[in-house]
Amino acid sequence: MPAHTKIDHPTLGEIVLVASDAGLSQVTFTGQRHDRPLEDGSRADPAAPVLRDAVAQLESYLAGELREFDLPLAPSGTPFQQSVWTELVSIPFGQTTSYGAIATSLPMPSAARAVGSAVGRNPIAVIVPCHRVLGSAGALTGYAGGLHRKKHLLELEGILQPTLG
């Protein structure tokens, strides 16, 4: 039976985490684009082992103390989406890539738009680091959780300089 919990972050807002017996299946920001409803029968259980570990690692990452997650992941998606999400996990902390580079690595060099769609539907934000994907010219392009969150995560990793004000 799936379990879920929520955490609040002062900048990112409410984050919902869902786990199944297979592993972490969802990390989403409340109200984000492509928001996934909680699965039927999901119970609130912050003590579930996968959720407890995910919350601890996520909080450590957001505090600037953790660079790499070590969690069992179980995202639900098409085979193509799964292949894109696997590529996302390989992007190191503090580095970025582009949709086109992911398409080329699949190898499907003409599939940058399809890659963008799959990245936008990533059900495990932050931990499967879709925020590390930029437009071809390095531009901050779409992020299902909102560009302000993407910007914050990139600043946290030292990719962008924080703006004052």
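Rings of Phe, Tyr and Trp (its six-membered ring) are paired here if their centres lie within 6.5 Å, with planes under 30 degrees apart classed as stacked, over 60 as edge-to-face and the rest as tilted.

## Basis of the model

This is a predicted model, in which local features need pLDDT of at least 70 and side-chain atom pairs count only at pLDDT 80 or more, while totals for chains, interfaces and linings use all residues. Residues are numbered from 1 along each chain as its sequence is written, and side-chain values use heavy atoms, with hydrogens and water left out.

## Aromatic pairs

Three aromatic pairs are found when the whole structure is searched. In one of them, Tyr-61 and Phe-69 have ring centres 5.3 Å apart and planes at 45°, so this pair is tilted. Tyr-61 has 1% relative accessibility and counts as buried (under 20% relative accessible area, with exposed over 50% and partly exposed in between, for a 1.4 Å probe and protein chains only). Phe-69, at 17% relative accessibility, also counts as buried.

The rings of Tyr-61 and Phe-93 have centres 6.3 Å apart and planes at 85°, so that pair is edge-to-face. Tyr-61 belongs to helix α1 (residues 49–62), whereas Phe-93 lies in the loop between α2 (79–89) and β5 (97–98), so the pair ties together parts that are 32 residues apart in sequence. Helices (H or I, at least four residues) and strands (E, at least two) are DSSP runs numbered from the N terminus. Both Tyr-61 and Phe-93 are buried, and together with Phe-69 they form one aromatic cluster.

## Strands β2 and β3

Strand β2 (residues 13–20) pairs with β3 in the antiparallel sense over six bridges; pairing requires that DSSP find at least two bridges between the strands. A hairpin of two residues joins β2 to β3. Within this pairing, Ile-15 stands opposite Phe-29 in β3.

Seven of the seven residues of β3 (residues 23–29) are buried, so this strand is largely enclosed by the rest of the structure.

## Packing of α2 against α4

Helix α2 packs against helix α4 (residues 112–120) at an angle of about 80°, with the axes 9 Å apart. Axes are lines fitted to C-alpha atoms, for helices over the stretch in contact, and angles run from 0 to 180 degrees between N-to-C directions. The two helices α2 and α4 are therefore roughly perpendicular to each other (65 to 115 degrees; under 35 is roughly parallel, over 145 roughly antiparallel and the rest oblique).

On the α2 side, Phe-80, Gln-81, Val-84, Trp-85 and Leu-88 meet Ala-114, Val-115, Ala-118 and Val-119 of α4, where contact means heavy atoms within 4.5 Å. By class, this contact of α2 with α4 comprises eight nonpolar, one polar and no charged residues (Ala, Val, Leu, Ile, Met, Phe, Trp, Tyr, Cys and Pro count as nonpolar, Asp, Glu, Lys and Arg as charged, and the others, Gly among them, as polar).
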